[in-house]
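Student: Hi, could we go through this one together? I'd like to start with what the burial words mean.
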Amino acid sequence: MVEFAAGDAVPIAHPGSDRGCSNRLAYYWPPNPSHSPMNFCSQCGTTVIVRIPPGDDKPRHVCDNCGTIHYKNPLMVIGAIPEWEDRILLCRRAIEPRLGFWTLPAGFMELGETTGAAAMRETLEEANARIELGSLYTMLSVPHANQVHIFYRAQLLDLDFGPGTESLEVALFREDEIPWDEIAFRTITITLEHFFADRKAGAYQTRSGDIHFKPPASKT
Ligand SMILES: [Zn+2]
């Protein structure tokens, strides 16, 4: 049995899912620190330790007092690409991360919710906008952030929209007006690039892909 102190960085290569990229970890440990760090057992309050339980192959937060193994799994981020004629609705973020940058309306899926309901709720919360949901458009794995981002095509139902509490402003953009240098996240940029390319080609197709960690560019 391998044992680690909580918080130790233990990179684990996952042979079944490296998609042929041997120089690339397909599994990251510990998760992004913003991804619910854990010190105490939520069942009994005892300090948890990180180790690989018997029969498992990944480190978990384990409570030796009550025996609970606290599994953590990726979070779903669900959003929409709201269209109005030849324009797309974007929101400028009022919260970190990426405060001040533009995003499609999107956010964490809630327990008990469907993906479609999440896309409509996030669009309502962030842009006070009502949409008719279209087809699934992009599904992008972001393993270093422990997230999966899903975007649906959508039609804005009216022009009665405005910033919710998590947005500084909300606006419609034509393709040549998109603030490409001020887009909040790579999954948004990729989704918009596909969208405009597909629109030009006259056929939209659902896409899935992976976003891998990109170290900051060297300043030297
Ligand atoms: Zn416990």
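Tutor: Happy to. A residue is buried if 20 or more other C-beta atoms lie within 10 Å of its own, exposed if 12 or fewer, and partly exposed in between. Keep in mind that this is a predicted model.

Student: Thanks! So where does N128 fall, buried, exposed or partly exposed?

Tutor: N128 has 15 C-beta neighbours inside 10 Å, so it counts as partly exposed. It sits in the loop between α1 and β9.

Student: What about its phi?

Tutor: The phi of N128 is positive, near 50°, and N128 is not a glycine. N146 is another non-glycine residue with a positive phi, about 55°.

Student: Where is N146?

Tutor: In the loop between β9 and β10. N146 is partly exposed because 18 other C-beta atoms lie within 10 Å.

Student: Switching topic: which residues have the most contacts inside the largest nonpolar core?

Tutor: They are I78, A80, I81, L89, L104, A119 and F151, in a core of 32 residues. Elements that each supply at least two core residues include β5 (75-84), α1 (115-127) and α2 (186-201).

Student: And which element gives the largest share?

Tutor: That is β10, with five residues.

Student: What does A119 touch?

Tutor: Beyond its neighbours within four places in sequence, A119 is in contact with I78, G79, A80, L133, Y152 and A154.

Student: Last one: which peptide bond is cis?

Tutor: The one from E96 to P97 is cis, with omega near -5°. P97 lies in the loop between β6 and β7 (102-103).

Methods: Residues numbered from 1 in each chain as written. Predicted model: local features only at pLDDT ≥ 70, side-chain atom pairs only at ≥ 80, totals over all residues. Core = buried A, V, L, I, M, F, W, Y, C linked by C-beta atoms within 7 Å. Helix = DSSP H or I, 4+ residues; strand = E, 2+ residues; numbered from the N terminus. Contact = placed C-beta atoms within 7 Å.
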